[in-house]
Amino acid sequence: MARLAPLAPVPLSPEQQRIHDDIAAGPRGTVPPPQQIWLHSPAFAEPAQAVGAFCRYGSTLPLALSELAIITVGKTWGADYEFWAHAKIAREAGIPDDVIEAIRTGGEPDFAHAPEHAALVHHAAKQMLERGRLPDDDYAALIEAFGKQGTVELVGIVGYYCLVSLTLNVFEVVTPDGSKPVSAA
């Protein structure tokens with residue numbers, strides 16, 4: 001059971017309602033759990049959801065690679081809902097099932113049949129999450145693969161989904177089906 005119940009559209013303040021409606025009318029088409037929680041602080045919710053919309057829908061990184069980074073973050077933080085929500089998108093975007101399963105269980109993924117640069121993105125995301133920085137050779141590889149813009153966006157995606165994962169974990173958001181894909185792995 002989540003610690004904070006989603007705010008229903010009816011009792012929202014005018015500012016919360018405006019932000020709720022903006023989120024629902026945007027590319028998400030709905031107001032997912034992190035944004036529902038953030039609506040308790042409208043001044044936080046508005047810019048945070050805008051960063052998230054960019055990370056999900058505006059990045060120059062291929063969708064498969066950004067989703068790979070997101071599930072890597074979800075696994076690292078043990079954020080079941082995050083992993084559950086993005087594993088499906090990663091799969092549909094071209095990340096093989098065996099790669100997703102290896103990440104879910106903490107194994108070493110075999111990227112032989114994954115999209116180009118998948119191994120680089122996964123490795124770089126893990127380095128950022130574990131060390132809070134990137135060694136020079138990893139940084140250079142990202143710049144070569146994605147340029148400055150793509151590298152900045154990857155760092156942003158990893159950072160934003162840390163925020164999302166912490167939000168989901170602190171407020172104990174569970175998957176709709178009750179599964180625990182990464183916390184029990």
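I began with histidine 117, which is partly exposed at 30% relative accessibility; buried means under 20% relative accessible area, exposed over 50%, and partly exposed in between, with a 1.4 Å probe and protein chains only. I note that this is a predicted model, in which local features need pLDDT of at least 70 and side-chain atom pairs count only at pLDDT 80 or more, while totals for chains, interfaces and linings use all residues. Residues are numbered from 1 along each chain as its sequence is written, and side-chain values use heavy atoms, with hydrogens and water left out.

**Entry 1. Positive phi**

I located histidine 117 in the loop between α6 (97-105) and α7 (118-131). Helices here are DSSP runs of H or I with at least four residues, strands are runs of E with at least two, and both are numbered from the N terminus. Histidine 117 has a positive phi of about 75 degrees, although it is not a glycine. I then looked up glutamate 172, also not a glycine, and found a positive phi of about 50 degrees. Glutamate 172 lies in the segment after α8 and is partly exposed at 35% relative accessibility.

**Entry 2. Helices α7 and α8**

I asked at what angle α7 and α8 pack. The angle is about 55 degrees, and the axes are 10 Å apart. Axes are lines fitted to C-alpha atoms, for helices over the stretch in contact, and angles run from 0 to 180 degrees between N-to-C directions. The two helices are therefore oblique to each other: angles under 35 degrees count as roughly parallel, over 145 as roughly antiparallel, 65 to 115 as roughly perpendicular, and the rest as oblique. I recorded the crossing of α7 past α8 as right-handed, the near helix being turned clockwise from the far one by less than a right angle. Residues of α7 that meet α8 include Leu120, Val121 and Met128; on the α8 side, Leu142, Phe146 and Val158 are among them. Contact means heavy atoms within 4.5 Å.

**Entry 3. Threonine 151**

I next examined threonine 151, which is found in helix α8 (residues 136-170). Is threonine 151 buried or exposed? Threonine 151 is buried, with a relative accessible area of 5%. A polar atom of its side chain lies 3.3 Å from the backbone oxygen of leucine 142. Beyond its neighbours within four places in sequence, threonine 151 is in contact with Tyr139, Leu142, Ile143 and Phe146.

**Entry 4. Salt bridges**

My search of the whole structure returned 6 salt bridges, each a side-chain nitrogen of Lys or Arg within 4 Å of a carboxyl oxygen of Asp or Glu. Side chains of opposite charge can pair when their charged atoms come close.

I found arginine 18 and aspartate 22 joined at 3.6 Å, N to O. Both lie in helix α1 (residues 14-25), 4 residues apart, about one turn of the helix. Arginine 18 is partly exposed at 36%, as is aspartate 22 at 42%. I also noted a network of salt bridges linking Arg18, Asp22 and Glu46.

Lysine 88 bridges to glutamate 92, with the closest N and O atoms 3.9 Å apart. Both lie in helix α5 (residues 80-93), 4 residues apart. Lysine 88 is exposed at 51%, and glutamate 92 is exposed at 60%.

For aspartate 97 and arginine 91, I recorded a salt bridge with closest N and O atoms 2.3 Å apart. Aspartate 97 is partly exposed at 46%, and arginine 91 is partly exposed at 40%.

Terms used:
Polar contact = N/O pair within 3.5 Å; in protein donor to acceptor, adjacent residues only side chain to side chain.
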